[in-house]
Amino acid sequence: MITSDILDRFHASPISGIFATVQRLRRDGRELLDFSLGEPDFDTPLHVRQAAKAAIDRGETRYTPTDGGMDLKESVRRKFRGENGLDYPLTQIVAGMGAKPLLAAAVQAILSPGDEAILATPCWPSHVGMVELARGRAVKLATGIDTGFKMTAEQLNRAVGPRTRLVILCSPANPTGAVYDEAELRALAQVLLAHPRVAILSDDLYEHILFDGRRFHTIAAVEPRLFDRTLTVNGLSKAYAMTGWRIGFAGGPPEWVDAIRQIYSQSSGGLCSISQAAAIAALDGPKEFLADRSARYQIRRDLALQGLAAAPGLRTARPEGAFYLMPECAGLIGTRRPNGETIGSSSDFACYLLEDWNVVVVPGPGFECDPYFRLSIATSEATLTRGMRLIAKACAALIEKGGEAWPSAVAA
Ligand SMILES: Cc1ncc(COP(=O)(O)O)c(C=O)c1O
């Protein structure tokens, strides 16, 4: 078969693999408690849906400009200025079909083959995948529960080398829920100021999902001297519960914005005309529901933390934002399942949870870490309560009873 050598270096997102497995098992009639999805369970706000319907009725069904229509760019401009204190001229704004392709195009625009991109792990798998697709090399800075899952200025300073062209920041973070505060970003910025050939990609997708009264900060606003080499990326998928509408946008240096437009012009084209009308309504419309939803996620986070505290062998950090928990399962490594198999990794543990307890989580290797797993709290409180109880029982069965408790525990 004729294939590109990029396929030897590149891995598909593990989360889409799990998504496919869950769909298959459900089709086979298995009832699953699914904590794998990075998708809000809320509805797209009514006024946004209505704006989309109105766009259809007005006949807005044609091709749109490759980098987003002027009305949308104006809305994005107001958003960056009003919410983030970032003033981008329209020529420095680009919109497209979701933040994911936008980030991928940006990485392609910035990296040449062999260039290095630095990021903290555990990380969102696609950040690494995008670097691989651009034939770059991801330099992974390991973090953990004890460091709050954040890269430190010292780590960053040590990692920057002659081939470093990019640093990818993600806060609030998928998959850990870590949030960099202003002082932490300032410390990273201090390192980056000393390396003028390094670009910064700030993935701010979870901006509006913050807990315990935290405030959001983005690096180009914290350190204005980095404004000219930072691409600030955002979108509507998470905060506005608009994953299926595919809307992402970014502000940054005109050269990169132009490069992204050119890449889009030869690949994706412009975004969906209906989604564009919806995006304008979302960005310019009421915002009160954002805080309400954040508060709801915080309740779920607390529920999940409380449930997991009863799970022997797990250690879980307290997420500061986004809608994920990243428990460490080192305490379960070496235990045995009822079928005699040894739990040797987070993948084995996730497999045990799925096969024996009908609970779906995403194991750590996809996020470049082990032994951790990701658990999404973007699901109902009832599902979370049931799921955490089962996880606690599953852990107890491994540790205390060598798995003997399994059959009755599932029925409970
Ligand atoms: C950190 C992060 N960035 C970007 C994206 C992609 O968002 P979009 O739906 O806009 O493509 C996701 C989606 O899971 C994400 O978790």
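Tutor: Two strands count as paired if DSSP finds at least two bridges between them. Keep that in mind as we look at this predicted model.

Student: Happy to. Which residue is the bridge partner of Tyr-324 in E12?

Tutor: Strands of a sheet pair through backbone hydrogen bonds, either parallel or antiparallel. Here, Tyr-324 has Ser-376 of E12 as its bridge partner. Strand E9, residues 324–325, pairs with E12 over 2 bridges in the antiparallel sense.

Student: What joins E11 to E12?

Tutor: Strand E11, residues 362–363, runs antiparallel to E12, and 2 bridges join them. One example is Val-362, whose bridge partner in E12 is Arg-374.

Student: In what order do the strands of that sheet come?

Tutor: The order is E9-E12-E11, an open sheet of 3 strands with antiparallel pairing. E9 and E11 are the edge strands, since each pairs on one side only.

Student: Which way do the residues of strand E12 point?

Tutor: Go along residues 373–376 of E12: Phe-373 and Leu-375 point one way, while Arg-374 and Ser-376 point the other way. Each of these residues is buried.

Student: Let's turn to a helix. Why does the span of H11 agree with what it should be?

Tutor: Helix H11 covers residues 273–284, and its 12 residues at 1.5 Å a residue should span 16 Å; the end C-alpha atoms are 17 Å apart, which agrees.

Student: How many residues of H11 are buried?

Tutor: An α-helix has 3.6 residues a turn, so residues three or four places apart point the same way. In H11, 10 of the 12 residues are buried, and the helix is mostly covered. Among the buried ones are Ser-273, Ile-274, Gln-276, Ala-277 and Leu-283.

Student: What do the buried residues of H11 pack against?

Tutor: They pack against helix H3 (46–57), helix H4 (70–84) and strand E8 (248–251).

Student: Now the ligand. How many residues surround it, and which are the closest?

Tutor: The ligand is surrounded by 13 residues, the closest being Ala-99, Asp-203, Ser-237, Lys-238 and Arg-246. Helix H5, residues 99–110, gives the most to this shell, with 3 residues.

Student: Where are polar atoms within 3.5 Å of each other?

Tutor: Look at the ligand's oxygen atoms. One is 2.6 Å from an N or O atom in the side chain of Ser-237. An oxygen atom of the ligand also lies 2.9 Å from a polar backbone atom of Lys-100. For Arg-246, a polar side-chain atom is 2.7 Å from a ligand oxygen. Taken alone, the ligand exposes 400 Å², and the protein buries 92% of that.

How values were computed:
Residues are numbered from 1 along each chain as its sequence is written. This is a predicted model: local features need pLDDT of at least 70, side-chain atom pairs count only at pLDDT 80 or more; totals for chains, interfaces and linings use all residues. Side-chain values use heavy atoms; hydrogens and water are left out. Buried means under 20% relative accessible area, exposed over 50%, partly exposed in between (1.4 Å probe, protein chains only). Helices (H or I, at least four residues) and strands (E, at least two) are DSSP runs, numbered from the N terminus. The expected span of a helix is 1.5 Å times one less than its number of residues. Contact means heavy atoms within 4.5 Å. A residue is near a molecule or strand if one of its heavy atoms lies within 4 Å of it. A polar contact is a pair of N or O atoms within 3.5 Å; within protein, one must be able to donate a hydrogen and the other to accept it, and residues adjacent in sequence count only if both atoms are side-chain atoms. Accessible areas come from the Shrake-Rupley method with a 1.4 Å probe; for residues, only the protein chains shown count as cover.
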